[in-house]
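Subject: Structure handover

Hello,

Please find the structure below, with the sequence alongside. My notes on what was found follow after it.

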Amino acid sequence: MEEHVPDVTVVVAVYNTMPYLTECLESLFAQSIGTDRLQVVAVDDGSTDGGGAELDRWAARFPDSMVVLHQPNSGGPAGPSNLALEHATGRYVFFVGSDDRLGAEALERLVRAADELDADVLLGRLVGAGGRYVNQAVFRPGDQDDISLADAQLSWALSNTKLFRRSLIEEHGIRYPEDMASCSDQPFTIRALLAARRIAVRTGYEFYYAVRRTDSSNITFRTSVTRFLHDTETLMAFADTLITEPRARFNVLRRHFSWEVSKLVGARFLAAGPEDREAVRQGVAKLVESYLTDEVRRSLDVRHRVAISVAQHGTADDVAAVAEHYAEHGAGPLVHDGGRFYAAFPGFRAGGFPDEWFDATAEAYKGEHQLGPARLAWGRTADGRPALTASWPTWLPAQPDEAEPVLRISGGLDVPVAVRGEFGQVTATAAIPLDALAGGRPRLGPRAVSFVRTAEGQKARYPLSIKDVSAVRGRLHRVGARMFLIGVAPDKDGALRLVVLPLAVGQLARGLRRKLGR
């Protein structure tokens with residue numbers, strides 16, 4: 001008799017995650033894929049909160065679909081995950097944190113998509129729960145059928161919460177490094193991504209809910225700062241050894257410095273004692289000297305660039321001063337000088353630190369640029385066409401390398417924006433041609449309007465706010481033989497919305513008769 005092979009093995013490494021473990025298991029055995037296509041391999045890593053007994057209870061309910069293994073505590077999820085892989089029999093393997101949960105159709109959708117695409121690795125959209133942050137960069141572009149680490153957004157999705165073809169894992173002997181208490185899933189994932197023939201992304205469903213416990217006791221949050229330093233050193237050495245393609249290497253190193261290394265010189269640094277602070281500063285300095293290229297340093301957000309650079313060249317007290325400033329003031333205040341913007345962190349233009357570390361011109365594009373509501377009027381474009389004109393105060397002068405700013409109107413219409421004036425006295429103006437609004441296929445419903453600026457590698461986009469619309473009541477506009485009513489309909493937050501309604505001749509005649517009758 002041929003041995004039954006499940007479609008997917010779900011691996012669950014368990015250590016003291018009650019009562020979240022129960023919700024996790026409920027989500028697994030409620031999967032639409034069905035228990036006959038599912039294998040769950042759970043490893044109790046010495047839990048002391050009743051988690052082991054809870055696993056046994058579920059295994060008794062689903063003896064044909066669940067394997068439970070018990071072992072003394074190993075200090076991290078790597079050992080239990082490796083043990084579970086030795087017992088996995090599914091065509092695919094999926095890793096679930098024992099404090100997380102899946103959407104009801106997650107596994108069925110993932111397996112179907114992987115089979116259709118012949119993908120070795122498939123990412124389904126993750127969302128945070130309980131206040132946990134999950135980077136969405138890899139999901140924003142929508143479904144993708146073939147990506148790699150050379151695509152920048154994938155470097156922000158290195159957790160193991162993906163569907164992997166198990167034959168790929170076994171063929172390449174991919175396992176978790178067991179000397180890491182945290183982040184051990186990243187070397188595993190990177191090796192799989194580099195070996196995969198095809199990596200795909202699916203975004204049309206909430207596949208995975210990453211839960212932050214109310215006591216923030218997830219492994220990522222409870223690892224000590226010195227142990228986290230060790231794990232980060234191991235992680236970066238691994239990436240340095242394995243990743244050779246230049247763009248992929250840049251993307252992954254940028255991610256590690258922006259995320260793991262920066263955590264070492266932030267709130268965790270402030271919570272550490274004097275000896276640990278100095279050990280961390282020295283460790284970060286070595287990481288910077290070994291792996292931080294000038295290109296990667298320039299690409300970092302200013303708060304990360306300053307903290308890491310100060311750790312390399314300053315003292316532990318300097319690092320603490322930067323971390324305290326950010327905790328209290330963020331990256332502000334900004335200093336405008338010579339057409340550039342600088343974050344006035346401690347050490348700015350003091351201690352011999354170069355201005356380049358503190359350059360925040362790129363960050364200036366991430367904030368809101370509208371200092372007051374836009375004024376609207378009916379007018380004309382520069383070439384004399386009827387238009388809706390808008391002008392509003394903004395604080396950021398035009399930059400030498402800035403792409404042309406635009407008003408982006410939903411439906412695919414971009415209108416140029418002129419930005420004129422010096423710092424503190426800057427005005428943005430635009431004229432939206434009525435022909436362009438009324439042209440093409442009619443669009444039902446209000447059309448959103450956003451101001452978009454792009455410079456220093458950053459894009460800022462925010463809704464255009466208005467207040468007084470008395471000067472722009474509805475206006476009739478003709479395009480050829482067709483008539484349109486064009487008007488303004490701000491939303492509840494005061495953001496500009498445009499309405500374009502096509503009018504039939506009969507409607508106009510009836511309206512005229514009513515007007516004459518009155």
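Strand 17 and strand 18 are joined by five bridges and run antiparallel. At one of the places where they face each other, Arg420 lies opposite Thr427 of strand 18. Please keep in mind throughout that this is a predicted model.

That pair belongs to an open sheet of four strands, in the order 13-14-18-17, with antiparallel pairing. Its edges are strand 13 (375–380) and strand 17 (418–422), each of which pairs on one side only. From one strand to the next, the twist averages 25°.

Strand 13 is connected to strand 14 (residues 386–394) by six bridges, and the two run antiparallel. Here Arg380 is found opposite Pro386 of strand 14. Strand 14 in turn pairs with strand 18 (residues 425–433), again in the antiparallel sense, over eight bridges. Within that pairing, Thr389 has Ala431 of strand 18 as its bridge partner. As background, the strands of a sheet pair through backbone hydrogen bonds, in either a parallel or an antiparallel way.

There is also an open sheet of three strands, ordered 5-10-7, and its pairing is mixed. Strand 5 (101–102) and strand 7 (126–129) form the edges, each pairing on one side only. Strand 7 and strand 10 (residues 208–211) run parallel and are joined by four bridges. Val127 has Tyr209 as its bridge partner in strand 10.

Next, the helices. How are helix 1 and helix 2 oriented to each other, roughly parallel or roughly perpendicular? Helix 1 (residues 20–29) packs against helix 2 (residues 51–61) at an angle of about 20°, and their axes are 10 Å apart. Angles under 35 degrees count as roughly parallel, so helix 1 and helix 2 are roughly parallel to each other. Their crossing is right-handed. On the helix 1 side, the contact is made by Leu21, Thr22, Leu25, Glu26 and Phe29, and on the helix 2 side by Gly51, Glu54, Leu55 and Trp58. Sorted by class, this contact of helix 1 with helix 2 has five nonpolar, two polar and two charged residues.

Helix 11 contributes Arg277, Glu278 and Arg281 to the contact, and helix 14 contributes Ala316, Val319 and Ala320. The residues of this contact of helix 11 with helix 14 divide into three nonpolar, no polar and three charged.

One single residue is worth looking up as well. Thr17 sits in the loop between strand 1 (8–14) and helix 1. Is Thr17 buried or exposed? The relative accessible area of Thr17 is 2%, and buried means under 20%, so Thr17 is buried. Setting aside its neighbours within four places in sequence, Thr17 is in contact with Asp49, Ser98, Asp99 and Arg213.

Regards

How values were computed
Residues are numbered from 1 along each chain as its sequence is written. This is a predicted model: local features need pLDDT of at least 70, side-chain atom pairs count only at pLDDT 80 or more; totals for chains, interfaces and linings use all residues. Side-chain values use heavy atoms; hydrogens and water are left out. Two strands pair if DSSP finds at least two bridges between them. Axes are lines fitted to C-alpha atoms, for helices over the stretch in contact, and angles run from 0 to 180 degrees between N-to-C directions. Angles under 35 degrees count as roughly parallel, over 145 as roughly antiparallel, 65 to 115 as roughly perpendicular and the rest as oblique. A crossing is left-handed if the near helix is turned anticlockwise from the far one by less than a right angle, and right-handed if clockwise. Contact means heavy atoms within 4.5 Å. Ala, Val, Leu, Ile, Met, Phe, Trp, Tyr, Cys and Pro count as nonpolar, Asp, Glu, Lys and Arg as charged, and the others, Gly among them, as polar. Buried means under 20% relative accessible area, exposed over 50%, partly exposed in between (1.4 Å probe, protein chains only).
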